[in-house]
Amino acid sequence: MKHHADGEQPVHKARRVHMNSGPQLTNRLESFWTILGQQGILDYVQAQRFLGLLSPEPDKMKQPGILSAERTRKLLRPWIDEGVLCYRAYYARQKGVFWLTTKGYKYALLNLRYYEPVPSSLSRLIAVNNVRLLIAERYPKDTWRSEREIRAMQNAKGSAPPHVPDAELISANGNSVIGIECELTVRSEKRLEEIVFDLAGNKRYSAIWYFSPEPVYMAVKKAVLKLPPEHRKRFAFYSLKGDPYTHESRESTQESGT
């Protein structure tokens with residue numbers, strides 16, 4: 001600030017505004033927008049884990065495979081202010097979830113509808129996200145296609161099969177497609193059999209992977225055992241942590257006639 005003769009007002013030097021002010025896009029952020037739009041939502045820890053997997057310098061991270069909460073906040077907060085991201089904690093004493101705004105979908109170059117989550121949908125979406133993380137860590141070269149993307153493709157073609165899985169996993173060489181199902185609760189026996197039969201009849205899938213808690217696994221296994229033998233072998237069963245189920249329930253054993 002400069003001082004002038006008596007009676008004159010001090011002159012304030014204008015603050016220089018840099019042309020590149022504001023948050024800057026990176027390859028990691030662009031990939032993160034894509035994943036977020038495909039999945040609909042990510043909870044805070046899932047955002048940390050995906051950003052960790054996408055890190056250009058994984059060796060410099062404090063904890064392998066996951067970005068710190070502080071770095072995640074510093075990285076994403078400016079994009080909330082820019083109107084690209086939304087964040088909300090739906091439940092008391094729990095961290096919230098991120099999702100893309102309409103502007104965010106344009107940034108991600110995704111031809112998907114804007115989606116705003118509701119509390120009743122969170123547990124299922126979060127479980128599917130965890131399955132995607134498991135698969136991304138174990139099969140990094142394969143391509144995940146989300147349910148939202150599958151439905152968008154079907155709408156564009158004007159076709160709709162009886163049942164759409166939670167995702168598809170396309171092998172790196174493109175020779176196989178696996179249907180991914182994440183089931184948290186036991187459906188009615190009739191509805192479960194309908195889904196299993198629809199998946200078995202879908203020739204697109206070389207295999208169907210079910211991720212579920214054990215009580216649901218037992219119910220699904222029972223439905224699968226009603227399929228012809230050639231279809232049964234296409235189904236594989238995993239816990240929500242990715243551990244394979246290798247035993248059979250008592251009901252399944254009785255159903256198979258052994």
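Where does α3 bend, and which proline follows within four residues? I looked this up in a predicted model. The bend, about 25°, is at leucine 75, and the proline is proline 78.

**Entry on the helix.** I noted that α3 runs over residues 69-81, which makes 13 residues. From first C-alpha to last it reaches 18 Å, close to the 18 Å expected at 1.5 Å a residue. Just after α3, I found glycine 83 with a positive phi of about 80°.

**Entry on its buried side chains.** I listed Thr72, Leu75, Leu76 and Trp79 as buried in α3.

**Entry on the core.** I had read that nonpolar side chains in soluble globular proteins tend to be buried together. The largest nonpolar core here has 23 residues. Those touching the most other members are Phe32, Trp33, Leu36, Leu76, Leu85, Phe98 and Leu100. At least two residues each come from α1, α2, α3, β3 and α4, and α1 gives the largest share, five residues. I took phenylalanine 32 as an example: leaving out residues up to four places away in sequence, it touches Leu42, Ala47, Phe50, Leu51, Leu54 and Leu76. I also wrote down a second, separate core of 19 residues, including Val177, Val196, Val216 and Tyr245.

**Entry on arginine 77.** Arginine 77 forms a salt bridge with aspartate 81, the closest N and O atoms being 3.3 Å apart. The two are four residues apart in α3, so about one helical turn separates them. Aspartate 81 is exposed, at 56% relative accessibility. I also checked tyrosine 87, ten residues from arginine 77 in sequence, and the C-alpha to C-alpha distance is 9.2 Å.

**Entry on other salt bridges.** My search of the whole structure gave 13 salt bridges. One of them joins arginine 191 and glutamate 194, with closest N and O atoms 3.2 Å apart. These two are three residues apart in helix α7 (residues 189-201), so they too are separated by about one helical turn.

Definitions and conventions:
Residues are numbered from 1 along each chain as its sequence is written. This is a predicted model: local features need pLDDT of at least 70, side-chain atom pairs count only at pLDDT 80 or more; totals for chains, interfaces and linings use all residues. Side-chain values use heavy atoms; hydrogens and water are left out. The expected span of a helix is 1.5 Å times one less than its number of residues. The bend at a residue is the angle between axes fitted to the seven residues ending there and the seven starting there. Buried means under 20% relative accessible area, exposed over 50%, partly exposed in between (1.4 Å probe, protein chains only). A nonpolar core is a set of buried Ala, Val, Leu, Ile, Met, Phe, Trp, Tyr and Cys residues joined through side-chain atoms within 4.5 Å. Contact means heavy atoms within 4.5 Å. A salt bridge is a side-chain nitrogen of Lys or Arg within 4 Å of a carboxyl oxygen of Asp or Glu.
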